[in-house]
Amino acid sequence: MTAVQPRPAAVPGGRRGRPTGSGRGGSRVLNALLGLLLAGGAVGLQTLALSENDTGAPLTYTGAKGQDVDARRFHVRLDSFTAAKAIQASSVKTVETDNLFLVVNASAKSSLKPYHLGQPTLLTEDGHRFAATDRVEATATLAATWMQPDIWVSGRFFFEVPASALPGAKVVFGLPPSALVEPYQPEVEIDLGLDEKAARDLAAKPQDVYSIVKK
Amino acid sequence: MTEPSGGSGRPRRPVVVPAVALVLVTALGITALMGGLNEAPDAPPQLGKGSVLDQGLYSTRFVESRVRTERAQTQFDEDKRFVEMVFEVTNRGDGTTSVGIPPVDGKTGFATTFGGSLVKISPKFPDDSGPFAFALAKGGESRQLHPGIKTTVIVRYRLREGQKPPEKITMDVGSFEYVAGFNDPTERWTMVTQSAGETIVPEVKAQVTLPVQEDATA
């Protein structure tokens with residue numbers, strides 16, 4: 001079974017000579033299979049390709065409640081959260097809701113230069129993004145405070161969401177929107193760690209009034 | 001069978017083929033003259049009070065239109081009368097959007113706000129009377145439409161002293177689609193448009209007419 005031996009026999013016999021080398025015929029089938037497998041794999045990999053929207057998405061640094069999450073440009077820590085039925089914004093103004101106010105206490109510092117945080121969004125398990133509510137003035141939130149390098153500042157953020165949005169929800173902090181479009185801005189995504197039961201407990205016992213009035 | 005058909009079929013063939021060709025060419029000509037095979041633009045459907053319209057990004061119920069008087073809160077304030085249009089809007093997108101205001105005459109915005117989809121409101125109101133738009137929240141107002149939530153939205157114009165409200169209000173309502181941009185491959189919600197001559201105008205999905213109800217409290 002040298003390579004030279006079958007070839008002279010194959011020339012007069014035409015194509016019929018080839019199957020004489022059974023190993024060769026098998027390798028052709030194998031090659032074809034391998035080719036199909038590789039082609040299939042290549043096609044399959046395309047489904048994993050990022051969509052145009054995902055390619056332009058911000059760089060997300062994730063973490064859990066109570067953890068200092070480093071987004072390189074700034075650090076964010078979600079200290080605690082609570083639910084309320086109403087928020088007393090001033091001595092004469094109390095905003096109420098039929099849903100829930102989710103009050104998030106967070107701390108932040110920047111790394112090199114001062115920044116403001118933007119209003120965060122609440123990312124629910126089914127992919128909905130709730131912007132922080134505009135019914136509480138932005139000046140009452142942490143977004144109004146400058147983050148300085150190495151100085152932790154604390155404050156609150158307010159969401160108005162239905163109770164069904166709570167299980168599996170994450171809070172996404174980022175920089176405020178700017179006119180200058182900057183790709184790959186950092187953002188911090190912190191899981192509230194609420195499973196079905198914890199979310200139900202939180203929604204079942206909201207505070208009646210959460211006051212942010214400075215005494 | 002083969003022989004008679006071969007004998008009589010041969011003279012018929014030169015007649016049938018040109019005749020069919022002639023009919024086809026004529027049909028083609030008539031089609032071309034009448035504007036081609038493009039779908040003729042239909043008049044947008046007319047909707048009335050209480051109807052629901054799928055605007056892509058929003059599912060909207062046109063509740064009613066009414067005259068409302070806002071009583072003065074302080075002694076320096078005065079009573080204000082408004083013509084209001086009431087909507088129930090469900091945001092079907094993934095993110096919170098803004099209520100927005102209807103585009104002011106002559107300046108067609110292509111905003112993806114709900115207000116931006118009320119492309120044209122007639123009769124016209126003077127410039128200084130509005131429009132104002134906001135979402136009703138419990139005991140207050142908001143400018144946000146949160147995803148998956150049904151929100152009552154009010155669009156209103158202020159009436160001057162003694163000004164009679166119109167009998168009915170007609171709105172041209174546009175819609176949105178989630179598509180890639182013209183020169184930007186990322187997908188986003190954009191207003192459905194059509195070309196009108198050299199410009200691009202929003203496509204009117206439906207024309208909604210609401211009768212204006214008189215103020216019940218006055």
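## A hairpin to start with

In chain A, three residues lie between β2(A) and β3(A) in their hairpin, and one residue there, Arg72(A), has a positive phi near 70 degrees. Strands here are DSSP runs of E with at least two residues, helices are runs of H or I with at least four, and both are numbered from the N terminus. β2 (residues 68–70) pairs with β3(A) in the antiparallel sense over three bridges; two strands count as paired if DSSP finds at least two bridges between them. Asp70(A) has His75(A) in β3(A) as its bridge partner.

Before we go on, a word on the model: it is predicted, so local features need pLDDT of at least 70 and side-chain atom pairs count only at pLDDT 80 or more, while totals for chains, interfaces and linings use all residues. Residues are numbered from 1 along each chain as its sequence is written, and chains are lettered from A and ligands numbered from 1 in the order in which they are written.

With β12 (residues 210–211), β3(A) runs parallel, over two bridges, and Gln88(A) stands opposite Ser211(A).

## A five-strand sheet

Which strands make up the open sheet of chain A, and in what order? The order is β1-β11-β10-β6-β7, with mixed pairing. β1 (59–64) and β7 (129–131) stand at the edges with a single partner strand each, so one side of each has no neighbour in the sheet.

At the β7(A) end, three bridges join it to β6(A) in an antiparallel pair, and Thr121(A) has Ala131(A) as its bridge partner.

## The nonpolar core

Now look for the largest nonpolar core, which has 40 residues. Such a core is a set of buried Ala, Val, Leu, Ile, Met, Phe, Trp, Tyr and Cys residues joined through C-beta atoms within 7 Å; buried means that 20 or more other C-beta atoms lie within 10 Å of a residue's own, with C-beta atoms placed from the backbone. Phe101(A), Leu102(A) and Leu122(A) touch the most other members. β4(A) gives the most to this core, with eight residues.

Beyond its neighbours within four places in sequence, Leu122(A) is in contact (C-beta atoms within 7 Å) with residues including Leu102(A), Phe130(A) and Val171(A). A second, separate core has 25 residues, among them Phe62(B) and Leu118(B).

Notes
Buried ≥ 20, exposed ≤ 12 C-beta atoms within 10 Å, placed from the backbone. Contact = placed C-beta atoms within 7 Å.
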